[in-house]
Amino acid sequence: MTTATSSGSHDCLVIGAGVIGVCAALNLQARGARVAIIEPAMPGSGASFGNAGIIANTNLRPVFAGLTPLSLLSMLRSPSSPLNVRWSRILGLTPWFLRMLSHAGPAEVERITRALASLCQPGSALYEPLLEEAGAKALVRPHGSLALTRSAEARDQHWDKGLEFLRRMNIPMEKVDRRRIDELAPSVNPAYTHGVYSPAYQHTLDPQRFVQSLFDLFVARGGVSIRGHADALTTAGDRVTGIRTGASTVAADSVVVAAGTHSPRFAREAGEPVPHQAVGGYHAMLRSPGITLETPLLPLDFRVAITPMGDGIRVAGTYEFGGEGTTFDASRIDGMLAHLAAVLPGIQVEPKTIWRGFRSYLPDGLPIISRSGSRAGLFYAFGFSSSGMINGSSAGRAVADLVEGTKPSIDLEPFSIGRFTGRPTAGGREQAFERDQTGTKTASRA
Ligand SMILES: Cc1cc2nc3c(=O)[nH]c(=O)nc-3n(C[C@H](O)[C@H](O)[C@H](O)COP(=O)(O)OP(=O)(O)OC[C@H]3O[C@@H](n4cnc5c(N)ncnc54)[C@H](O)[C@@H]3O)c2cc1C
């Protein structure tokens, strides 16, 4: 591992070695860029560590779909709801909640779902060659996922309302009854009589190892790993020239901000503040669950994810608004374990490890994958809410398109930071990475 020095310059410097930063770095590297990643901790130790491990999912909808101010309030007040709030912070959060609810109507939900579908659909195909090269294909299981309901009516309501638009997009989904549930997950409580099976889901047996393997590939391909904390951007005029870390600087032609919930401060520094929330999520990892499970489960009455992993079964979920900077709330884990026991009655919940991390959230539920509108050479990739693992490979390709200035493979307009700042972010050719045999760049910024 390299430590930061003021000498040497990189084509691109990526801030953060979560799944987004690592995927961006790999894609930039594949275009011929000399890339460095700066990260103070172990790769994949932020939100990328403790998530539910779903890495391919075709059914993405924003969590606030269909909510009204009243239904949101009643969810926040219900102890069994996945959405909750630190009430001492409710006043400060209200404007943000109202902004989120302004996207909850059918037209906005369809627009957002379409944008997320364009991002997530190529995901598994883009991960495949990377995982192959990283020797990490065994970390992925293509077992689909099973959403569970306690009645045919609840299943059909979900199918007709929640999934209608996705079905119109020919996303593969299958209505199932108890016979099929028994085939897919016989340990599930017989009270769950119906469900929806989504065969295109894939999950990883270990999210941190998944990211670490991709990071190791980045280093093996010649990528530079800098152990450090990016404290500030450095600039010359309106162009970013790198970052400051402690008493040192790291020079780079472009900087990609992929620091998860810590990203908005860099945008603020560049004069582009965004309405961001760090939304807490919890998991319990059961090391000896005493039952076998192959297919991840999504019980629709509790909205937790139950994922079989390499070293046990993980139950993950909850959206804790206003939780940043507060103490760990063990009652959230107790609630999730009670839900888990209701879904899988035979499960042993001890021994377990517990965790809380924070999702990076914008009020429309879409990430920012964007060129900066105020600083040349500055790019953003954050705000991936509950789908950073799913969207990592696709976001990484999009970042490389933006940095290189090539036509993006998908429409990136819905992900532009300009939707919050009002500043245009479109640009021309930014940077080319072609080199001659001596390693000298043959073309550069235009
Ligand atoms: C309970 C829960 C369940 C989830 N389940 C899923 C799921 O099943 N599938 C899915 O796709 N998503 C899921 N998510 C969301 C997913 O975990 C995130 O979207 C994703 O991990 C975000 O990745 P990231 O790289 O943006 O951020 P992170 O993984 O948080 O990485 C950011 C990195 O930046 C580093 N950093 C921060 N500041 C600096 C700095 N100044 N200088 C240098 N480095 C810095 C951090 O140390 C960190 O390593 C879940 C989230 C939670 C909380």
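Arg 359 lies over the face of Tyr 319, 3.9 Å from the ring centre. Tyr 319 also belongs to one aromatic cluster, together with Trp 96, Phe 97, Phe 321 and Tyr 361. The model is predicted. It comprises 14 helices and 20 strands, and 57% of the 446 residues of the protein count as buried.

**Overall form**

- The radius of gyration of the protein is 22 Å, close to the 22 Å that the globule rule gives for 446 residues, so the protein is as compact as a globular protein of that length.
- Taken along the principal axes, the box filled by the C-alpha atoms is roughly 65 × 45 × 45 Å.
- The accessible surface comes to about 17,600 Å², and carbon and sulfur atoms account for 53% of this surface.
- Among contacts between residues at least 6 apart in sequence, 76% join residues at least 24 apart.

**Aromatic pairs**

- A search of the whole structure finds 10 aromatic pairs.
- One of them is Trp 96 with Phe 97: the ring centres are 6.3 Å apart and the planes stand at 70°, over the 60 degrees required, so the pair is edge-to-face.
- Trp 96 and Phe 97 are both buried, and both are members of the cluster that includes Tyr 319.

**Charges over rings**

- The charged end of Arg 150 sits over the ring of Tyr 192, 4.6 Å from the ring centre.
- For Arg 359 and Tyr 319, the corresponding distance to the ring centre is 3.9 Å.
- Tyr 192, the ring under Arg 150, is also among the residues that Val 343 touches.

- Val 343 is in helix α12, which covers residues 330-343.
- With a relative accessibility of 0%, Val 343 counts as buried.
- Leaving aside residues up to four places away in sequence, Val 343 touches Leu 148, Ser 187, Val 188, Asn 189, Tyr 192, Leu 297, Pro 299, Phe 302 and Ile 306.

**A three-stranded sheet**

- An open sheet of three strands has the order β3-β9-β5, and its pairing is antiparallel.
- The edge strands are β3 (54-56) and β5 (140-141), each of which pairs on one side only.
- Strand β9 (residues 202-204) runs antiparallel to β3, and two bridges join them.
- Ala 56 stands opposite Gln 202 in β9.
- In general, strands of a sheet pair through backbone hydrogen bonds, either parallel or antiparallel.

Conventions. Residues numbered from 1 in each chain as written. Predicted model: local features only at pLDDT ≥ 70, side-chain atom pairs only at ≥ 80, totals over all residues. Heavy atoms only, no water. Phe/Tyr/Trp six-rings, centres within 6.5 Å; stacked < 30°, edge-to-face > 60°. Buried < 20%, exposed > 50% of the residue type's maximum accessible area, 1.4 Å probe, protein only. Lys NZ or Arg CZ within 6 Å of the ring centre and 35° of its normal. Helix = DSSP H or I, 4+ residues; strand = E, 2+ residues; numbered from the N terminus. Rg over C-alpha atoms; globule rule 2.2 N^0.38 Å. Contact = heavy atoms within 4.5 Å. Areas by Shrake-Rupley, 256 points an atom, 1.4 Å probe, with all protein chains shown as cover. Pairing = 2+ DSSP bridges.
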